[in-house]
Amino acid sequence: MLDKYLTPIIKPLLTPIVIVLHKRSITADQLTVAGFLIGLLAVPLIAFEYWYAALVAIILNRILDGLDGALARYAKQSSSAGGYLDITLDFLFYAAIPFGFILANPEQNAVAGALLLATFIGTGSSFLAFAIAAEKFKIDRPQFKYKSFYYLNGLTEGTETIALFIAFCIWPQHFALLATLFAIACTITIFTRIYGGYHTLKQQEAKIKGAIDDT
């Protein structure tokens, strides 16, 4: 929900760093993989209750995630392969963080963590499935032209998810409550994406059928 507002603010801040990285011949894919590996370090840190160290790993992951796309665009190396790698590792990272909290306290966090992971699957699948169909119909993405795939909006997007992970690390004792509330928000996102995506695609199909009938 907040991504479309924060992205235009953050992008100019990354430019000086991107220029330095490009001069050092660092590629966007290298940043993507490095960010993912750093993000995964948060899992054992969370499991052993090193909350603030895990928070640092999460923040570094997100910084590198912002830099990889910016670097690809600056170097004019944006590609479907890079976009695929980025989104795949992002979703693996998103799933890994709740898993770390489940490991930290299975008795208290397992049910809420499992519920959150289930809704993450729903938001991710509704997001990516629509992107495939949107590419087929060449649907414009005016709010996210910098993305290598169609970015379907929702109540819970990247910004909200990272805010949740930060809250987990600051208030780990409230993980179950925070995870449950966010899972409810994810459920709303799932339903709105399915509804909006379905009707958008039906409209596209109707336009194509109408154009064929007119010929």
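## Overall fold

The protein has 8 helices and 0 strands. The model is predicted. Along the sequence, the pattern reads α-α-α-α-α-α-α-α.

The protein has 215 residues, and 42% of them count as buried. Take the contacts in the protein with a separation of 6 or more: residues 24 or more positions apart account for 77% of them.

## Helices H2 and H5

Two packed helices are described by the angle between their axes and the distance between the axes. Here the pair is helix H2, residues 28-40, and helix H5. H5 covers residues 80-104. The two axes come within 10 Å and cross at roughly 5°. Angles under 35 degrees count as roughly parallel, so H2 and H5 are roughly parallel to each other.

On the H2 side, the contact is made by Asp-29, Thr-32, Val-33, Phe-36, Gly-39 and Leu-40. On the H5 side, the contributors are Gly-82, Leu-85, Asp-86, Leu-89, Leu-92, Phe-93, Ala-96 and Ile-97. By class, the residues of this contact divide into 9 nonpolar, 3 polar and 2 charged.

## The cavity

The count comes to 1 cavity of 30 Å³ or more. The largest cavity has a volume of about 60 Å³. Its lining consists of Leu-31, Thr-32, Gly-35, Phe-36, Asn-61, Arg-62, Leu-64, Asp-65, Asp-68, Asp-86, Leu-89 and Asp-90. H4 gives the most, with 5 residues.

The lining has 4 nonpolar, 3 polar and 5 charged residues. Some residues belong to two lists. Thr-32, Phe-36, Asp-86 and Leu-89 line the largest cavity, and these four residues also take part in the contact of H2 with H5.

Phe-99 is found in helix H5. Is Phe-99 buried, exposed or partly exposed? Its relative accessibility is 41%, so Phe-99 counts as partly exposed. Phe-99 and Gly-113 are 14 residues apart along the chain, and their C-alpha atoms are separated by 6.9 Å.

Thr-119 sits in helix H6, which spans residues 106-137. The cut-off for buried is under 20% relative accessible area. Thr-119 has 6%, so this residue is buried. Which residues does Thr-119 touch, not counting those up to four places away in sequence? They are Ala-183, Cys-186, Thr-187 and Ile-190.

## Two loop residues with positive phi

Most residues other than glycine have a negative phi. Ser-25 has a positive phi of about 65°, although it is not a glycine. Ser-25 lies in the loop between helix H1 (3-23) and H2. With a relative accessible area of 59%, Ser-25 is exposed.

Lys-76 is found in another part of the chain, in the loop between H4 and H5. Phi of Lys-76 is near 55°, a positive value in a residue other than glycine. Residues over 50% relative accessible area count as exposed. Lys-76 stands at 76% relative accessibility, so Lys-76 counts as exposed.

Notes: Residues are numbered from 1 along each chain as its sequence is written. This is a predicted model: local features need pLDDT of at least 70, side-chain atom pairs count only at pLDDT 80 or more; totals for chains, interfaces and linings use all residues. Side-chain values use heavy atoms; hydrogens and water are left out. Buried means under 20% relative accessible area, exposed over 50%, partly exposed in between (1.4 Å probe, protein chains only). Contact means heavy atoms within 4.5 Å. Axes are lines fitted to C-alpha atoms, for helices over the stretch in contact, and angles run from 0 to 180 degrees between N-to-C directions. Angles under 35 degrees count as roughly parallel, over 145 as roughly antiparallel, 65 to 115 as roughly perpendicular and the rest as oblique. Ala, Val, Leu, Ile, Met, Phe, Trp, Tyr, Cys and Pro count as nonpolar, Asp, Glu, Lys and Arg as charged, and the others, Gly among them, as polar. On a 1 Å grid over the protein atoms alone, a cavity is a set of points where a 1.4 Å probe fits but cannot get out, and a pocket is an open set with protein on both sides within 12 Å along at least five of seven lines; lining residues have an atom within 4 Å of a point. Grid points are joined across faces, edges and corners, and a volume is the space filled by probe spheres set on the points.
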